[in-house]
Amino acid sequence: MPVMASDDFSVHTDDCDRFDDGMPISDLPDEVGSIDDLDCECWSDFDSLADIE
Ligand SMILES: [Zn+2]
């Protein structure tokens, strides 16, 4: 499940250590249109958005 960081609203995987006390979210934000929109390297294990959801 993706997690949204509370400080900068970046989105991370739930095993990433960079979201601090973030909030689990069930759906990716509308702004995220491709895997390239997810900046953090914690997403590098995924090939596409379809693999996340
Ligand atoms: Zn991350």
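Predicted model: local features only at pLDDT ≥ 70, side-chain atom pairs only at ≥ 80, totals over all residues.
Hi everyone, and thanks for coming.

Let's begin with the overall layout. If you walk along the sequence, the pattern reads β-β-β-α. The radius of gyration of the protein chain is 10 Å, close to the 10 Å that the globule rule gives for 53 residues, so the chain is as compact as a globular protein of that length.

In what order do the strands sit? The order is E2-E1-E3, in an open sheet of 3 strands with antiparallel pairing. The edge strands are E2, at 11-12, and E3, at 23-24, and each of them pairs on one side only. As a quick reminder, strands of a sheet pair through backbone hydrogen bonds, either parallel or antiparallel.

Let's zoom in on one of those pairings. Strand E1 covers residues 3-4, and E1 pairs with E3 in the antiparallel sense over 2 bridges. If you'd like a spot to look at on your screens, find Val-3, which stands opposite Pro-24 in E3.

How much of the protein chain is buried? Buried residues make up 15% of the 53 residues. As for contacts with a separation of 6 or more, 22% of them come from residues 24 or more positions apart.

That's my tour, friends. Over to you for discussion!

Definitions and conventions. Residues numbered from 1 in each chain as written. Helix = DSSP H or I, 4+ residues; strand = E, 2+ residues; numbered from the N terminus. Rg over C-alpha atoms; globule rule 2.2 N^0.38 Å. Buried ≥ 20, exposed ≤ 12 C-beta atoms within 10 Å, placed from the backbone. Contact = placed C-beta atoms within 7 Å. Pairing = 2+ DSSP bridges.
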